[in-house]
Amino acid sequence: MPVSAFAPRRRALLVATLSLAVPGFAHGQKAGLKIGIIGTGRIGGALAEHWARAGHELTISSRHPEELRPLAERLGPHVRVGTPAEAAVFGEVLLIAVPYGALPQIGRDYAAQMRGKVVLETGNPFPGRDGEIAEPARAKGTGLASAEYLPGVRLVRAFSSVPHTAVQGEAYRPGERVGIPLAADDPSALAVAERLVRDAGFEPVVVGSLARARDFDVGSAVFGRALTATELRQALGLGR
Ligand SMILES: NC(=O)c1ccc[n+]([C@@H]2O[C@H](COP(=O)([O-])OP(=O)(O)OC[C@H]3O[C@@H](n4cnc5c(N)ncnc54)[C@H](OP(=O)(O)O)[C@@H]3O)[C@@H](O)[C@H]2O)c1
């Protein structure tokens, strides 16, 4: 039946039903993106779940892909499992959510597959876990440091400062949503990241260029907190 054949009330009911069932549907009915996830742990796994529910197509990856099969089966037919290289090829947008110490190797090994793509990167450098790159990355700020490790990508720092418990449990919460600070140099990459933050059930808060990512790095006033977008803007001195 052509769409025009739906009576207005039936179409309104259909849209309302889809908006409840498919959160992304409410956001302008855009086509789903192809997203490759490198690092499907606490952060990557939670975002895979939210983005799959929003109608995106995903390849979730691991160095031991068979371990992700139960998750992929739970998330449905639009989620497949692969190696990190396969995820890098698959995604028109990539999420990298790995221990910071793995970034240099990922930037080297998948440079060709990632070139020119929008990459959302979540990592935080901790000396005890990430070794000798952690202190220089903290001193430089993660936006600039990650850009050096991931040359040729359209980088956005995202989902790096909010605890995984909030990324898992506070999506689409009633009332004001949790704000996710973003930093990027590429405006079109930022626009993709803003959409994906909304599709995950959060509110994007654009902080500025990659150099400004340090405003929400480890040790900043907002790091490790699940603040509303209003609280986040206030704490970072951003206008409304
Ligand atoms: N946890 C939080 O509350 C939180 C909040 C914000 C930001 N972050 C940051 O986000 C990043 C991810 O945190 P997380 O808590 O999600 O970590 P996690 O649960 O430990 O997951 C990290 C994933 O990265 C994968 N991985 C590790 N080394 C890899 C490599 N060389 N190549 C490809 N994949 C690799 C691992 O998968 P396989 O071993 O299966 O390959 C693992 O599932 C960290 O840098 C963290 O600091 C964490």
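In this predicted model, 24 residues surround the ligand, and the closest are Gly-39, Gly-41, Ser-62, Gly-123 and His-164. Helix H2 (42-53) and helix H5 (103-109) are the elements that give two or more residues to this shell.

**Ligand shell**

- H2 gives the most to the shell around the ligand, with three residues.
- Sorted by class, the shell holds 12 polar, 10 nonpolar and two charged residues.

**The sheet**

- Eight strands form an open sheet with mixed pairing, in the order E3-E2-E1-E4-E5-E6-E7-E8.
- Strand E3 (79-82) and strand E8 (203-208) are the edge strands, each pairing on one side only.
- From one strand to the next, the twist averages 25°.
- Strands of a sheet pair through backbone hydrogen bonds, in either the parallel or the antiparallel sense.
- Strand E2 (residues 57-61) pairs with E3 in the parallel sense over four bridges, and Ser-61 stands opposite Gly-82 in E3.
- Strand E1 (residues 34-38) is paired with E4 in the parallel sense, again through four bridges; here Ile-37 stands opposite Leu-95 in E4.
- E4 and E5 run parallel and are joined by four bridges, with Glu-121 in E5 as the bridge partner of Ile-96.

- H9 is mostly covered, with six of its eight residues buried: Thr-142, Gly-143, Ala-145, Ser-146, Ala-147 and Tyr-149.
- The cover over these buried residues includes H5, helix H8 (134-140), E5, E6 and E7.
- Helix H11 (residues 187-199) lies across strand E4 (93-96), E5, E6, E7 and E8, and runs at about 165° to E7.

**Nonpolar core**

- The largest nonpolar core has 69 residues, and those with the most contacts inside it are Val-119, Val-156, Leu-182 and Ala-193.
- H2 gives the most to this core, with six residues.
- Leaving aside residues up to four places away in sequence, Leu-182 touches Val-156, Arg-157, Ala-158, Leu-190, Ala-193, Glu-194, Pro-204, Val-205, Val-206 and Val-207.

**Positive phi angles**

- Most residues other than glycine have a negative phi.
- Phe-159 has a phi near 55°, a positive value in a residue other than glycine.
- Phe-159 lies in the loop between E6 and helix H10 (164-169).
- Is Phe-159 buried or exposed? Phe-159 has 27 other C-beta atoms within 10 Å, so Phe-159 is buried; the cut-off for buried is 20 or more.
- Tyr-172 also has a positive phi, near 55°, and is found in the loop between H10 and E7.
- Tyr-172 counts as partly exposed because 13 C-beta neighbours lie inside 10 Å; a residue is exposed at 12 or fewer and buried at 20 or more.

Terms used. Residues are numbered from 1 along each chain as its sequence is written. This is a predicted model: local features need pLDDT of at least 70, side-chain atom pairs count only at pLDDT 80 or more; totals for chains, interfaces and linings use all residues. A residue is near a molecule or strand if its C-beta atom, placed from the backbone, lies within 6 Å of it. Ala, Val, Leu, Ile, Met, Phe, Trp, Tyr, Cys and Pro count as nonpolar, Asp, Glu, Lys and Arg as charged, and the others, Gly among them, as polar. Two strands pair if DSSP finds at least two bridges between them. Axes are lines fitted to C-alpha atoms, for helices over the stretch in contact, and angles run from 0 to 180 degrees between N-to-C directions. Two residues are in contact if their C-beta atoms, placed from the backbone, lie within 7 Å. A nonpolar core is a set of buried Ala, Val, Leu, Ile, Met, Phe, Trp, Tyr and Cys residues joined through C-beta atoms within 7 Å.
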